[in-house]
Amino acid sequence: MIDSPITQVGRWKEAAAPHLPLIDVSQAAPTYPPARELRDHIAAVAQSVATATYTDQQGILPLREGLARSLTVDYDAPVAAESVAVTAGCNQAFCLAMMALTEPGDEVLLPLPSYFNHDMWLRSQDVAPVYLEPGPDMTPDPAEAAAAITDRTRAIVLVTPNNPTGAVYPPALIESFFELARRRGLALVIDETYREFRDDSEPPHTLFSRPDWSDTLIHLYSFSKAYCMAGYRIGCMATNPGLLRETLKIADCVALCPSHIGQLAATFCLEHLDDWKREYRRTVRDRVAYAARRLREAKTGFQVVSSGGYFVYLRHPFTDRSSASVGRSLAEDHGILCLAGSMFGPGQDRYLRLAFANVDLPAIDELVTRLGRIG
Ligand SMILES: Cc1ncc(COP(=O)(O)O)c(C=O)c1O
């Protein structure tokens, strides 16, 4: 397997220009502090010895009920707690679902550019990622997906809002992928880690209102971004109870259950932190919108291709250089740490991913100034 791109970029960071304050737009892991109330709550519950025990594999009931309620509200459709399992982060949910669904030699459709951990996990399982080319708006085409399906295909994976492009897939497009997956007997996996960071207040899609949603859909979510609690390692999966049961057999061998204290933290978030989440979401959305606008206006030569979630996806101006070479020299010569497009799959060498969870508006201005000196 490749080194994780985050490890690779760690090496660029070590070599970053010493004479300039580093502008780190590489990581999608928030360093924004989690809510004070959450930290106080955890300090208090940590005193209870009960928090040192394993929990039910599927997750503690108050959390599953809270998740079912929040899905019901956010998607305006009833979701039951029995359709939800808590996982040790959204990445684990993806790995468990893929292990339950595939065997070596199978294929999974991944739209490009694709989230690198999905690609790495599939390859580690000897499952072939079959890539779908992005359209001009960085969304995949269901017709291309239909043509790519073989008798080894087991699933289609969508990430919306997307990492790395930030593109938000319209509900109608998501419906088309659901219909395709349903007709062809595949799973449709939708990673909605960044769902809170959309501009739209409408539900991201209407799939949960279909009576048969759970036969096809595997919905994945993370507490890492929306509540800035990545280190607590809590995510979730919603799908049919039969598939959940298979995934829990695997989870049992891996982590037994998600962290107990992390689950208590997530339960607290759902019960008490709606206002805090709204405020944090506004901060991130303002930063991303500001960065995209400033970069467009400044005409630096680095062109905004798409933006959303935590991200701006940029096309760099160098036709004869790889994205890794451009990324490395941005760090070494200009004190800008970002990810190279090639880390998100083939054909992405003209692009760079910038994440804005951890930089404020003055840092964004400085970033635009530095890029303007290059392009
Ligand atoms: C699309 C996507 N899914 C999952 C994750 C990881 O989530 P978690 O921390 O819950 O494992 C990330 C983190 O960057 C991500 O971008």
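Reply: Let us begin with a definition: a residue is buried if 20 or more other C-beta atoms lie within 10 Å of its own, exposed if 12 or fewer, and partly exposed in between, with C-beta atoms placed from the backbone. Helices (H or I, at least four residues) and strands (E, at least two) are DSSP runs, numbered from the N terminus. This is a predicted model, in which local features need pLDDT of at least 70 and side-chain atom pairs count only at pLDDT 80 or more, while totals for chains, interfaces and linings use all residues. Residues are numbered from 1 along each chain as its sequence is written.

Me: Which residues of α13 are exposed on the face turned away from its buried side?

Reply: That face carries P362, T369 and R373. The buried residues of α13 are I364, L367 and L371. They lie on the same side of α13 because they cover an arc of only 55 degrees around the axis, where the arc is that of the directions from the helix axis to the C-beta atoms.

Me: Why do residues three or four places apart point the same way?

Reply: An α-helix has 3.6 residues a turn, so residues at that spacing point the same way.

Me: And what covers the buried residues of α13?

Reply: The cover includes β1 (23-24), α11 and β11 (336-337). Two residues are in contact if their C-beta atoms, placed from the backbone, lie within 7 Å.

Me: Let us move to α3. What span should α3 have?

Reply: Helix α3 has 15 residues (residues 61-75) and should span 21 Å at 1.5 Å a residue. The expected span is 1.5 Å times one less than the number of residues. The end C-alpha atoms of α3 are 21 Å apart, which agrees.

Me: Which residues of α3 are buried, and which are exposed on the other side?

Reply: L63, R64, L67, L71 and Y75 are buried in α3. They cover an arc of only 100 degrees around the axis, which puts them on the same side of α3. On the other side, L61 and V73 are exposed. The buried residues are covered by elements including β2 (84-87), β8 (235-238) and α10 (260-272).

Me: What comes just after α3?

Reply: D76 does, and D76 takes a positive phi of about 55 degrees. P78 lies in the loop between α3 and β2. P78 is exposed, because it has 11 other C-beta atoms within 10 Å.

Me: New topic: which domains does the assignment give?

Reply: The assignment gives domain 1 (5-33 + 276-374) and domain 2 (37-272). Such bounds come from an automatic or database domain assignment. The C-alpha centres of domain 1 and domain 2 lie 26 Å apart. Their contact takes 30 residues from domain 1 and 24 residues from domain 2.

Me: Which elements give two or more residues to the side of domain 1 that touches domain 2?

Reply: They are α11 (274-298), β9 (303-308) and β10 (311-315). Helix α11 gives the most, with six residues.

Me: V312 is in β10. Is V312 buried or exposed?

Reply: V312 is buried, because 30 other C-beta atoms lie within 10 Å. Not counting residues up to four places away in sequence, V312 touches several residues, among them G166, V288, L354 and F356. The C-alpha atoms of V312 and L354 are separated by 5.3 Å, although these residues are 42 residues apart along the chain.
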